[in-house]
Amino acid sequence: MRKGVFRPFRRSVRVSCHAGVARATRLRGCLFCMVLFGRTEEMKLLVSVYSALCSSGRSATILVEAAPGCGKSAVMAALAEHAESAGAVVLQTVAVPHESEVPLSLLRNIVDGSPFYDMLAPRFRALSGGPSTEQDDAACEQIRRDSERYELQREFCASLRELSRTTPVVLAVDDVQHGDRESLRQLLHLARHCRTAPLMMLFTRSPATCGRQEIGFGAELLRQPNFTRVRLPRLDRGAVLGLLAEAWPGRQEAHTVDRYVALSGGNPLLLRALMEDHRAHAGPGANRPLTELRTGQSYRDALLVCLERGGELSRKVATGLAVLGGPAHGDLLADLLALSPGQLTETLNALAESGIVEGRAFRSPHARDTVLNALDPARRHELHSRAAELLHARGAPPCATAEHLVQAGRADGVWGVGVLREAAEQALLDDHVKQAVSYLELAHAACEDPTRRIEIRIRLALIAQRISAATAELHLAEVSETLRLCPVPDETVGSFVELLLAHGWLEQARDIIERTAPGDGEPDGAGTAEDEICGAWDRGGEPAPWPLAASSPDTGAQEDPPDCGAVPPRAQGRLWGRRPAASWGTQRPRELEQYVAGAEGLLEITPLMDFTFYPLLGAMQSLLHNGAVDRVVHWCDTFTRRSAHRDAPGWEASFAALRAEASLHRGDLAAAEKGLRDCLSALPQRHRSTSEGAVVAHLVVVKIAQGDLDEAARCLSRPTARSLAGSVHWLVYRRARGLYHLANHRYHSALRDFNAAGRLAGLWGLDRPGLLPWRTDAAEAMLRLGEREEALRLATEQLAMAENGSPRVRGISLRMRALAADQHGRVALLGEALTELRRSGDRLAVARVLFDLADAHEEAGESRRAVVSRRRATRLAKECGARSLLHRDEGGSAPEASKRIHLACAGALPVPPEEAEAQAEAEPDEGAPDEVAADRPGGPAAGPRQELSDSERKVAALAANGYTNREISVRLFITKSTVEQHLTRVYRKLRVAGREELPLDLETSVEV
């Protein structure tokens, strides 16, 4: 058979006005090319039957059965085309569902295209009407119509026999299952009485859509002689490969062919639709199929047409499968659709023959989505609600039931709220946070008990932190408003207050405590980090109170909250009773060491969960304020990775913000800025959180240190949350704003911000230098204003508070005390500050102290040490990126800088690098082998670094701090030549060119 011999036939009736049906009908015109690949044997059989009819002159009846979209119409059209080209008369039509109840409608359509139209058409139209509605004439009218129909049958049969005397006749009816009862009866009469005429009766049908009358029609056809049944299966893999090769010549990838087979199920119409979608996506010039198939409009239209042609049951079952999702249990699906098991099994088999489903599930999620999107929303919600009820009655897992409740958009009854809450907890165990939030939000909307509604909202606030702090704070604000109107149990109030404290909402927490009048049985405060974290477990998952600087962000200008007086004693115990003393950095060194070790041990063993997140973050915050900066960086990196793995961007942002703050404490301005920028870029702009204020504050401090005051101003002009002024984050925000005023020489404004921050810290019970070193900030402003005594008092007061605190706070306090004190003893105080700050690892603070020390040496007449200190300070400032230290006094002389030391903002202004070099050349260090490493072969960078001996380390430490070789020899009781030899080996081992490149953190037992 030659390719192209078959042409698509025109239907004589309308199928549907739906645009998707029209597109799918056009696709059917392209199925003839598929006949050659998948229907060759069937076509040979049909052609042979027609040839036998022509040679014998006896009738033949053919029934072609296939699922919708599998090519039965194309096969019938091909055979009709073949018969017509051979000279036969072809009468063809299509039965449509909306005419199945109109008597003789199918037969009338056949007559409309026949040569004997004028003779029989009027009689068919007359008999197509219904019986008379008058009761007295109904019986007589029915007898008359039955007589006329019998005569019409005989005339129709006689007309066909007369027509077949001169040429074979082919009567073709597509989708005969939709034919009306009277027409099917006429066709059976024709088959029985035209056996000796060359008449071929060709019918097609989809078995799944057969009605009762059509089932009897098929059984009667089986009794006819010369009957042939042809079943058209779906295309196999070989046929699909042939079609792809015909469309895109060349070698086809095996996995691509398998993908086409899987998505289409071998259904020719679906396969053709996929190919059309490929052409639409890849363009007309594509010469090979896509590896990753993309379903488009053609596929969706073809799928809906297959379901429409499959009948009402096919559409109904497909809808049920789509609503249930995944493999559906037979009993559940039958109950959902109110079908008998037999009907369900038969329809599922038909859908499987169409290639749409496999077993009890769709072959492709695209098919399920297409069916759901085409479903009426009201009907969809109704089915989901019914499915939830059935699943709950069968004891299904809560998540399965809750998903249908969410899709239905409602949860009726107490059972629905309970299922949603259980499902939310299960989803959280699997880290499906958004799913859990959707369950709890629906439960909150459906719950009628006010207390339970508040509990659900509190739970939402706790888990929403995984997404963002802003989302969590929206829930907190709603609960705060609800508690003003609805009394709830003390346990619920207590858990909510602790959650407020975890977010740093101190004013709101105090207001709720005062309004709810808590009882006297509040537990006493704990004393260790272990108590803080383990207390969360013991309290059943409530967060430990801790003012955090998380990240994620509502807008409005901020001012201080009204001074309502101190927190009541009972409320203060509730606010701060459980906070460990170590968290403020005021304990003795041994206690501090024990606390850090205990906190790290618990960070090691405590899992990251909703009710442990705040204690974990609080423990790391305590480590940071107690000087364990490196450990904070380690744990932040660890928990950031865990948060990212669990898809918790809110947690991830909080740990990243804390890490950025730790980088700031180390003087790593570049890392701090990057971390803070990343946090701000991840924050939502529509709803802002109070914790964003802390992130902005730290960024302002970074930009001030970098000398970029314009960018610092832009950061301060960023909109903030309305509730910021009532949270702990307002303290660091006011301090950052004060530092900005200080850098711009607005000393009174700076002092006002520092004092306001300190006043609020005292009001809230948070006046601890580890958290807020506002006294040294205010002391700097006082120095600028010439108030030396007040500055000295503030610095001394903060130093006393931090006597056993973190090295960083002690170093900052010692530095400011040295600047405010008289010249006598200033070098010693700055040396102590330098030692403490080196212990803390804050390189930026070390650079500030070195600049101050250089000025102090200059005033004391020790120019050599001043130059060395200034060189090292300049190098550190460059490494930190602190341009504010490098360029604050360019062009000024050392004596002038010394005179202004008491008015310096961040320490004494450095001598310009050019002046430092000149002084270094004027006072060379006798016998100092600074260039030995640079002069040796290979230079200072050759070879790996080596460990220093104890003697070499002592010499190197003293040299790094500006001591000459002669002074080192006196201090260590060794000869000057021995010092030179030690330095030569030190330069070689450390791969440095001279003493100005020696690291500042060399450990030694010698006092420097």
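Modeller: What follows goes from overall numbers to the sheet, then to a helix and some single residues.

Biologist: Where does this model come from, experiment or prediction?
Modeller: This is a predicted model.

Biologist: OK. How many helices and strands are there in the protein?
Modeller: The secondary structure comes to 49 helices and 7 strands.

Biologist: And what share of the residues is buried?
Modeller: Of the 1008 residues in the protein, 56% are buried. The accessible surface is about 42100 Å², and carbon and sulfur atoms account for 51% of that surface.

Biologist: Let's do the sheet. What is the strand order?
Modeller: The order is β2-β3-β4-β1-β5, in an open sheet of 5 strands with parallel pairing. β2 (89–94) and β5 (227–231) are the edge strands, each pairing on one side only. On average, neighbouring strands are turned by 15° against each other, direction ignored.

Biologist: What holds strands together in a sheet, in general?
Modeller: Strands of a sheet pair through backbone hydrogen bonds, parallel or antiparallel.

Biologist: Then how many bridges does β1 make with β4?
Modeller: β1 and β4 are joined by 6 bridges and run parallel. One of the pairs there puts A60 opposite M200 in β4.

Biologist: And with β5, how many bridges does β1 have?
Modeller: Strand β1 (residues 60–65) pairs with β5 over 5 bridges, also in the parallel sense. E65 has R231 in β5 as its bridge partner.

Biologist: What about β3 and β4, how many bridges join them?
Modeller: β3 and β4 run parallel and are joined by 5 bridges. V169 has L199 in β4 as its bridge partner.

Biologist: Is β4 mostly covered or mostly open?
Modeller: Mostly covered: 7 of the 7 residues in β4 are buried.

Biologist: Which side chains of β4 point which way?
Modeller: L199, M201, F203 and R205 point one way, while M200, L202 and T204 point the other way, and all are buried. In a regular strand the side chains alternate between the two faces of the sheet.

Biologist: Which helix lies across β3 and β4?
Modeller: That is helix α8 (residues 181–193), which lies across β3 (169–174) and β4 (199–205). α8 runs at about 145° to β4.

Biologist: Changing topic: α24. How does its span compare with what is expected?
Modeller: Helix α24 (residues 490–502) has 13 residues and reaches 18 Å from its first C-alpha to its last, close to the 18 Å expected at 1.5 Å a residue.

Biologist: Is α24 covered or open?
Modeller: Mostly covered, with 11 of its 13 residues buried. Among them are F496, E498 and L501.

Biologist: Which residue with positive phi comes after α24?
Modeller: G504 follows α24, with a positive phi near 85°.

Biologist: Now D753. Is D753 buried or exposed?
Modeller: D753 has 3% relative accessibility, so D753 counts as buried. The cut-off for buried is under 20%. D753 lies in helix α36 (residues 747–763).

Biologist: What is D753 in contact with, beyond its sequence neighbours?
Modeller: Leaving aside neighbours within four places in sequence, D753 is in contact with R734, R737, G738 and H741.

Biologist: Last topic, cysteines. How many disulfides are found?
Modeller: A search of the whole structure finds 0 disulfides.

Biologist: And C636 and C679, are they buried or exposed?
Modeller: C636 is buried, at a relative accessible area of 0%. C679 is at 2% relative accessibility and therefore also counts as buried.

Technical notes: Residues are numbered from 1 along each chain as its sequence is written. This is a predicted model: local features need pLDDT of at least 70, side-chain atom pairs count only at pLDDT 80 or more; totals for chains, interfaces and linings use all residues. Side-chain values use heavy atoms; hydrogens and water are left out. A disulfide is a pair of cysteine sulfur atoms within 2.5 Å. Buried means under 20% relative accessible area, exposed over 50%, partly exposed in between (1.4 Å probe, protein chains only). Helices (H or I, at least four residues) and strands (E, at least two) are DSSP runs, numbered from the N terminus. Contact means heavy atoms within 4.5 Å. The expected span of a helix is 1.5 Å times one less than its number of residues. Accessible areas come from the Shrake-Rupley method with a 1.4 Å probe; for residues, only the protein chains shown count as cover. Two strands pair if DSSP finds at least two bridges between them. Axes are lines fitted to C-alpha atoms, for helices over the stretch in contact, and angles run from 0 to 180 degrees between N-to-C directions.
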